[in-house]
Amino acid sequence: MARTASFPVNHSGDGEDRIFRRLLEAPLFQTYRKAFTDATGLALNLVPAGFGVEDEQWFSNPFCREINRGRSSCGECAKAHQCLGEVSGERSETVTCFAGLRETGIPVRSANRTVALLHTGQVFT
């Protein structure tokens, strides 16, 4: 079973946060997430724009979680996630980590701003 993450939401009420919250809670997204996970076995997460890649919730794959447990997280994983977050500002991107796992990020944009990243993967190809 795929592991979905629950990312923190900034309750300051800024526009991007409100959009992110509405997307995350939307029944259409929940239906799509379930259908995607049921069909592929992969987690599908909506990640807030600018979310720190060092958070262990980011890792849906058991291998990734294990090598990033505790304080001694994998520097190569952090680099791959940072790369994914940076290149996904305007277009979808797939990156491959040092261990050969691939993950994909798709920007979710509103009014020419990236408000979230649709994230899946951490799968061997």
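Two strands pair if DSSP finds at least two bridges between them. Helices (H or I, at least four residues) and strands (E, at least two) are DSSP runs, numbered from the N terminus.

This is a predicted model: local features need pLDDT of at least 70, side-chain atom pairs count only at pLDDT 80 or more, and totals for chains, interfaces and linings use all residues. Residues are numbered from 1 along each chain as its sequence is written, and side-chain values use heavy atoms, with hydrogens and water left out.

**Overall make-up**

The protein has four helices and four strands. Their order from the N terminus is α-α-β-α-α-β-β-β. Now take contacts (heavy atoms within 4.5 Å). Among those with a separation of 6 or more, 49% join residues 24 or more positions apart.

**The paired strands**

Strand β2 covers residues 93–96 and strand β3 covers residues 101–110. Strand β4 spans residues 113–124.

| Pair | Sense | Bridges |
|---|---|---|
| β2 and β3 | antiparallel | four bridges |
| β3 and β4 | antiparallel | ten bridges |

Glu93 has Gly105 in β3 as its bridge partner. Leu101 faces Phe124 in β4.

Both pairs are hairpins. Four residues lie between β2 and β3, and Gly100 there takes a positive phi near 90°. Two residues separate β3 from β4, where Ala111 in the turn has a positive phi of about 50°.
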